[in-house]
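Please look over the following chain with an eye to how its side chains pack and pair. The notes below are arranged by topic.

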Amino acid sequence: MKKLFLSISICLLCIGLLTDCNDSKYAFSPGAGDPRITGTWQLYERQFPKDSTLYTKNYSYQVVVVDKRNVRVVRDSTLTSRDTSFYARRRYRANPAQTLSFGTDGTLTASGDEMTYYTSTKHFRVDSTQQDGLGVNLYVNTNGANQYFRQGVSFQSDTLLLKPKCEGNCYLKLYRVR
């Protein structure tokens, strides 16, 4: 019985080692999934949340010496009202170019200072299987594990609207360059 258990254990160990020996450096490309997204897109408008608070508090301190033993510190504060609009909208010129290029093979490349959020993203796939409608899964390749985050997407002729997840109405409007 012990010999049978030992031989089965050795066989299972060998099978486990053989199935674990595979190449983890495989080429990952989920593909475009929707031909409308392929091409190079130029950023021309972005809406994003800004740091909005109703007031900022400014403090001023004053030291009052009553006598040698008693020293009082008086703190005074003033409230300054601020802009309470919660979103900033920014438009971009053609130069310097802020572009996203979606390849037919599912690769994504970003260029420009405003596109640094997308530089770690190497692959994408347009997906309509989730409840929130049409979206693009953007795959971040870190340590050999491909993790994705999802952004909403919509098309209007030669305009691509990316809708990142945020509190409210955030978007990136891009027009097709090629």
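The briefing covers the nonpolar core, the aromatic pairs and the salt bridges.

This is a predicted model, in which local features need pLDDT of at least 70 and side-chain atom pairs count only at pLDDT 80 or more, while totals for chains, interfaces and linings use all residues. Residues are numbered from 1 along each chain as its sequence is written, and side-chain values use heavy atoms, with hydrogens and water left out.

**Nonpolar core**

- The largest nonpolar core has 19 residues, of which I37, L100, F102, L160, L162 and L174 touch the most other members; such a core is a set of buried Ala, Val, Leu, Ile, Met, Phe, Trp, Tyr and Cys residues joined through side-chain atoms within 4.5 Å.
- At least two residues of this core come from each of β1 (39-49), β5 (99-102), β7 (121-127), β8 (135-142), β9 (145-156), β10 (159-163) and β11 (171-176), strands being DSSP runs of E with at least two residues, numbered from the N terminus.
- F102 is buried at 3% relative accessibility, where buried means under 20% relative accessible area, exposed over 50% and partly exposed in between, with a 1.4 Å probe and protein chains only.
- Leaving aside residues up to four places away in sequence, F102 touches I37, T38, G39, W41, T107, L108, F124 and L160, a contact being heavy atoms within 4.5 Å.

**Aromatic pairs**

- The whole structure contains five aromatic pairs, counted when ring centres of Phe, Tyr or Trp (its six-membered ring) lie within 6.5 Å, with planes under 30 degrees apart called stacked, over 60 edge-to-face and the rest tilted.
- F102 and F124 form an edge-to-face pair, with ring centres 4.9 Å apart and planes at 85°; because F102 lies in strand β5 and F124 in strand β7, the pair ties together parts that are 22 residues apart in sequence.
- F124 is buried, with a relative accessible area of 0%.
- Y117, Y118 and F149 are linked into a cluster by ring pairs.

**Salt bridges**

- There are six salt bridges in the structure, each being a side-chain nitrogen of Lys or Arg within 4 Å of a carboxyl oxygen of Asp or Glu.
- E45, which is buried at a relative accessible area of 3%, forms salt bridges with R89 at 3.6 Å, with R91 at 2.9 Å and with K173 at 3.9 Å between the closest N and O atoms.
- Because E45 lies in strand β1 and K173 in strand β11, their pair ties together parts that are 128 residues apart in sequence.
- Shared partners join E45, R89, R91 and K173 into one salt-bridge network.
- R89 is exposed at 54%, R91 is exposed at 60% and K173 is partly exposed at 26%.

Terms used: Helices (H or I, at least four residues) and strands (E, at least two) are DSSP runs, numbered from the N terminus.
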